[in-house]
Amino acid sequence: MADVVDGVFDAVAGAAPDVRAGLPERRAKRDAENVSGDTQLEADVWADDLLFDRTESIEGVNWYASEERDAIVTVGDADEGYAVALDPLDGSSNVKSNNPCGTVVGVYDQPLPAPGSSLVAAGFVLYGPTTTMVVARDGEVREYLVDEDGDRTDLGTVELPEDPTVYGFGGRVPEWTEDFEAFVRDVEDDLKLRYGGAMIADVNQVLVYGGAFGYPGLQSAPEGKLRAHFESMPMAYVVETAGGASSDGSGSLLDLEPQRLHERTPTFVGNERVIDDLEAALPD
Ligand code: P6P
């Protein structure tokens, strides 16, 4: 397994400079939507193609799935192996406004759809003032600086701070349920709002400063917006490995068993006490 996980994160880190370099001229919207109904940027499709090329021949990777592709691609010739699930350019709408975006990576030990418990590693690349990679595997989370050659410098382990400081919850407030809005009103008495429209950047703030990020179920969309396989479960794996907690409103996101590849779920990650308060505030 270690070789496969090494191979996946080496390939994604190696691709990062190319993805970042290709963003400036790919800010335009395509006249297309992905299977989830998101408007696709040229950058979404281009990053997906590039990352597919860099990962599809890794020994042990049998399936490639991405938020931008309707179906899973079988890239191996065995009935068993690992599935790589990517959000190739999470927060791509931030490219136009020059705000952070990145790539979410999940490595599952079975074909998708798969339970959150089948993740063996997860992480993300963050295109911010610098390019960094966060990897959760083997019980720890480590952060790396990714240079222009795609080489990584180890910056050490990442552990969620004891005390929460920031919060960020997506969706329009009028679309929130009453119980969730009441919970946020309590949270905002203690924490500072940090919400930037890209899950990987907002979760990275939680990893650095402590707090909580989420995208709740909405009155018009009880399942919320974020995709279980490509965003919610991988980021839950990172935050839980860093000492935090996750929830879909009632229990850990790693206990989810999605039945569809592009299934969405209400998503919350952060300090355990904030997540406990959230679950207490929402109806069973
Ligand atoms: P909204 C990006 O499109 C994304 O999937 C997540 O990265 C982000 O947290 C969320 O959607 C932002 O959604 O509705 O605030 O634009």
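Colleague: Let's start with Phe-183: is it buried or exposed?
Modeller: This is a predicted model, where local features need pLDDT of at least 70, side-chain atom pairs count only at pLDDT 80 or more, and totals for chains, interfaces and linings use all residues. Residues are numbered from 1 along each chain as its sequence is written, and side-chain values use heavy atoms, with hydrogens and water left out. Under 20% relative accessible area means buried, over 50% exposed and in between partly exposed (1.4 Å probe, protein chains only). With a relative accessible area of 5%, Phe-183 is buried.

Colleague: How many aromatic pairs does the structure hold?
Modeller: Rings of Phe, Tyr and Trp (its six-membered ring) pair if their centres lie within 6.5 Å; planes under 30 degrees apart are stacked, over 60 edge-to-face, and the rest tilted. Going by that, the number of aromatic pairs is nine.

Colleague: What kind of pair do Phe-169 and Phe-268 make?
Modeller: Phe-169 is in strand β11 (residues 166-169) and Phe-268 in strand β15 (residues 267-270), 99 residues apart, so the pair links distant parts of the chain. Helices (H or I, at least four residues) and strands (E, at least two) are DSSP runs, numbered from the N terminus. Both Phe-169 and Phe-268 are buried. Their ring centres are 6.4 Å apart and their planes sit at 65 degrees, so the pair is edge-to-face.

Colleague: And what about Phe-180 and Phe-183: what kind of pair are they?
Modeller: They're three residues apart in helix α3 (residues 178-190), so about one helical turn separates them. Phe-180 counts as buried at 1% relative accessibility. With ring centres 5.9 Å apart and planes at 40 degrees, the pair is tilted.

Colleague: Which ring does the charged end of Arg-69 sit over?
Modeller: A charge sits over a ring if NZ of Lys or CZ of Arg is within 6 Å of the ring centre and within 35 degrees of the ring normal. Arg-152 does this over the ring of Tyr-144, 4.8 Å from its centre. For Arg-69, at 4.6 Å from the ring centre, the ring is that of Phe-52.

Colleague: How much of the ligand's accessible area does the protein cover?
Modeller: A polar side-chain atom of Tyr-195 lies 2.6 Å from an oxygen atom of the ligand, and a polar backbone atom of Met-199 is 2.8 Å from a ligand oxygen. An N or O atom in the side chain of Arg-227 is 3.3 Å from an oxygen atom of the ligand. Of the 400 Å² of accessible area that the ligand has on its own (Shrake-Rupley method, 1.4 Å probe), the protein covers 78%.

Colleague: How many of the 11 residues of helix α4 are buried?
Modeller: Helix α4 takes in residues 199-209, and its buried residues include Met-199, Ile-200 and Leu-207. The helix is largely enclosed by the rest of the structure, because the number of its residues that are buried is eight.

Technical notes:
A polar contact is a pair of N or O atoms within 3.5 Å; within protein, one must be able to donate a hydrogen and the other to accept it, and residues adjacent in sequence count only if both atoms are side-chain atoms.
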